[in-house]
Amino acid sequence: MCGIVGVVSNAPVNQLIYDALLLLQHRGQDAAGIVTQQERKFFMHKAKGMVRDVFRTRNMRGLPGDAGLGQVRYPTAGNAYSEEEAQPFYVNAPYGIVLVHNGNLTNAQALKAELFSSDHRHINTESDSETLLNVFAHELEKTTRGAQLQPDDVFKAVSAVHRRIRGSYAVIAMIAGHGVLAFRDPFGIRPLSMGRKDGTVMVASESVTLEGTGHVFDRHVAPGEAVFIDLQGNVHAQQCAENPKLYPCIFEYVYLARPDSVLDGISVYQARLNLGETLAKRVVSTVPPSEIDVIIPIPESSRPSATQLAHLLGVPYREGFVKNRYVGRTFIMPGQGVRKKSVRQKLNVIASEFKGRNVLLVDDSIVRGTTSREIVQMARDAGAKKVYLASAAPPVRFPNVYGIDMPTSSELVAYGRTVEEVREVIGCDALIYQDVEGMKRAIGSLNPNLDGFDASCFDGVYVTGDINAEDIARINEARIGQEDPLEEDTSRLALPNAQEA
């Protein structure tokens, strides 16, 4: 998952893009980058780290111009810990193009071979985003053949890109001297929204980016659609896919997106309330409400679901965990090995809310199960009589191939296990999961115009239709060795949550 933004304005955009990236920080903490354009020249700064650490005053002064792009990155493909793979990416022909990408291409390896053998283009990193950029550059060059660039030429190139690439991609590119282009894959797996304000047009991953920078939300970019904003701020749009359908990633609503965002017409906050409502029916069938003294969320994304669950069950809602938002990384000192940071350094319990009570903990989802196991033990150590655990999402049983760094199947606690076996691993007294169809109905009811969801990590159905067991094995193999030896934890608790960003 990543966060991307593009801006065309009549005033300098460096500060605006910086502010937008702060609002997207929850979508990626690995690296950040900004590129601006002034008189057909690109100015870029990118590096590993959080937005506030990557950009200093001297860097911002070196980013002049009235149009630009930005990205925050969370590693999903390639060598996640290489400085070279921070975005934006750049190619000098045709015209000069820079690009940022949120998503993951599922046929990147085949494309790289094509680019080398047929398109005669060089890929210098393992990033699928660089591959995507070169595919687009090649198709744009074929379309224009040296002629003056027109919006229709850009749209023809995007149509060709759709025919060649597979997977998920929300893309924003800037073509030197011409404008900013945004397009979305034909299934709309990754989100993209557009807004305006006083001569400025902004495209960004989430609507909160627009609202938080004073822009008025205009609309969501449709699946398969391309939007081209010329340097005068004129917006041109065209559907470039042959058979577009709207299948947004359901995990955006469960966990990834900020609760104050609206994605494809669905309020993320309301989606999480609805998940709590459907979860209530599952809880009642497993644990009588009379046996639950208090409902406590595991910070942060589960709060709306836990609130609604407590309201419907008539059980008190309490905050029982305090999250330390400033836990730093572990450094390797001479004579020391890598020290894994405990969940207890990220969460602290309010013991009075647990002591002598039957506690129902609510989480947004359970992935590896290691964090859940430790949190359950923390509740017991704080004096809880019984500890029940409810997940607002169904069991995560399959890897995600569309841009979420989901663990391999063997690392997923629910893979190959029954709910009872997962309960034993986690160590709680009862484990209640959301069911897949209930989750889809709860969120899908908020926008009847959706064709469906990508819920592949829950149901194993990959909407692009090109994923098989061999692809999963290859993707799993590519993850081996990608762990940063200095990074102590890549669990969801280690990430700044949407409500903190």
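Modeller: Let me begin with angles between elements, where axes are lines fitted to C-alpha atoms, for helices over the stretch in contact, and the angle runs from 0 to 180 degrees between N-to-C directions. In this predicted model, helix α12 (residues 419-426) lies across β20 and β21 and runs at about 125 degrees to β21.

Colleague: What makes β16, β19, β20 and β21 a sheet, and in which order do they stand?

Modeller: Two strands pair if DSSP finds at least two bridges between them, and 6 bridges join β19 (residues 358-363) to β20 (residues 386-391), which run parallel; within that pair, V362 has A390 of β20 as its bridge partner. The open sheet of 4 strands has the order β16-β19-β20-β21, with parallel pairing. β16 (294-297) and β21 (430-433) each have a single partner strand, so they stand at the edges and one side of each is left without a neighbour in the sheet. Neighbouring strands of this sheet are turned by 20 degrees against each other on average, direction ignored.

Colleague: Which helix packs on the sheet and touches β19, β20 and β21?

Modeller: That is helix α9 (residues 268-284), whose direction makes about 145 degrees with that of β21.

Colleague: How do you know that β2 and β3 pair, and do they run parallel or antiparallel?

Modeller: The requirement is at least two bridges, and 8 bridges join β2 (residues 31-38) to β3 (residues 41-48), which run antiparallel. One of the positions to look at is Q37, whose bridge partner in β3 is F42. The two strands form a hairpin with 2 residues between them, and E39 in the turn has a positive phi of about 50 degrees.

Colleague: Why is C2 called buried?

Modeller: Buried means under 20% relative accessible area, and C2 counts as buried because its relative accessibility is 5%. C2 lies in strand β1 (residues 2-8), and an unreviewed UniProt entry lists C2 for "active site". Leaving aside neighbours within four places in sequence, the residues in contact with C2 are R27, Q71, V72, R73, Y74, H101, N102 and S205.

Colleague: Which residues does UniProt list for "binding site", and how do you know that they cluster in space?

Modeller: The unreviewed entry lists S301, D363 and D364. They are spread over 64 residues of sequence, yet the largest C-alpha distance is 7.7 Å. S301 is found in the loop between β16 and α10 (303-313), and D364 in the loop between β19 and α11 (370-381). With the cut-off for buried at under 20%, S301 counts as buried because its relative accessibility is 1%, and D364 is likewise buried, with a relative accessible area of 3%.

Colleague: Which residues of helix α4 are buried, and why can they be said to line one face of the helix?

Modeller: In α4 (residues 108-117), the buried residues are A108, L111, K112 and L115. Seen down the axis of α4, they fall within an arc of 105 degrees, so they line one face of the helix. These buried residues pack against β6 (97-105), α5 (128-144) and α6 (151-164).

Colleague: How many residues does the whole protein have, and what percentage of them is buried?

Modeller: The protein has 501 residues, of which buried residues make up 60%, and its secondary structure consists of 15 helices and 21 strands.

Conventions:
Residues are numbered from 1 along each chain as its sequence is written. This is a predicted model: local features need pLDDT of at least 70, side-chain atom pairs count only at pLDDT 80 or more; totals for chains, interfaces and linings use all residues. Side-chain values use heavy atoms; hydrogens and water are left out. Buried means under 20% relative accessible area, exposed over 50%, partly exposed in between (1.4 Å probe, protein chains only). The arc is that of the directions from the helix axis to the C-beta atoms. Contact means heavy atoms within 4.5 Å. UniProt positions are given in the numbering used here, feature names are shortened, and annotations may be inferred rather than shown by experiment.
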